[in-house]
Amino acid sequence: MQVEMVERISSKDAEVILKLLPERIRSAIIARAKEIDYPIEATIEMAIASFLDTEAISFSDCKPNRGY
């Protein structure tokens, strides 16, 4: 069985991630997604990508350790 790697979080994955986060973090991510009118999965992806690479907007342009 081959697994296809995609450079994005699915809405199903986002639901799982949100359930695992502390309530205050979950609430903040949901509020931010509403504020910028983005899907929750895109908001989670942006949060993770920008942590790894301050110049990244998504996983596809994320280059960990760039600028460090």
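Let's start with helix 2, residues 23-36. It has 14 residues, and at 1.5 Å a residue it should span 20 Å. The expected span is 1.5 Å times one less than the number of residues. The end C-alpha atoms are 20 Å apart, so the model agrees with the expectation. Helices here are DSSP runs of H or I with at least four residues, and strands are runs of E with at least two, numbered from the N terminus. Just past helix 2 comes D37, with a positive phi of about 55°.

A word on the source. This is a predicted model, where local features need pLDDT of at least 70, side-chain atom pairs count only at pLDDT 80 or more, and totals for chains, interfaces and linings use all residues. Residues are numbered from 1 along each chain as its sequence is written, and side-chain values use heavy atoms, leaving out hydrogens and water.

Now the whole protein. How many helices and strands does it have? Three helices, zero strands. Along the sequence, that reads α-α-α. Of the 68 residues, 19% are buried. Buried means under 20% relative accessible area, exposed means over 50%, and partly exposed is in between (1.4 Å probe, protein chains only).

Next, helix 3. I44 sits in this helix. Is I44 buried or exposed? Its relative accessible area is 3%, so I44 is buried. Which residues does I44 touch, leaving aside those up to four places away in sequence? They are I9, A14, I17, L18 and I29. Contact means heavy atoms within 4.5 Å. R26 is 18 residues from I44 along the chain, and their C-alpha atoms are 9.9 Å apart.

Stay in helix 3 for L52. L52 has 34% relative accessibility, so it counts as partly exposed. With I48 and F51, L52 makes a nonpolar surface patch of about 300 Å². Such a patch joins nonpolar side chains (Val, Leu, Ile, Met, Phe, Trp, Tyr) within 5 Å, from residues with over 30% relative accessible area and no salt bridge. A salt bridge puts a side-chain nitrogen of Lys or Arg within 4 Å of a carboxyl oxygen of Asp or Glu. Areas come from the Shrake-Rupley method with a 1.4 Å probe.

Last stop: D53, in the segment after helix 3 (40-52). D53 has a relative accessible area of 0%, so it is buried. Where does its side chain reach? To the backbone nitrogen of K63, at 2.9 Å. Beyond four places in sequence, D53 touches D61, C62, K63 and R66.

Definitions and conventions:
Polar contact = N/O pair within 3.5 Å; in protein donor to acceptor, adjacent residues only side chain to side chain. Patch = residues over 30% accessible without salt bridge, like charges linked within 9 Å, V, L, I, M, F, W, Y side chains within 5 Å.
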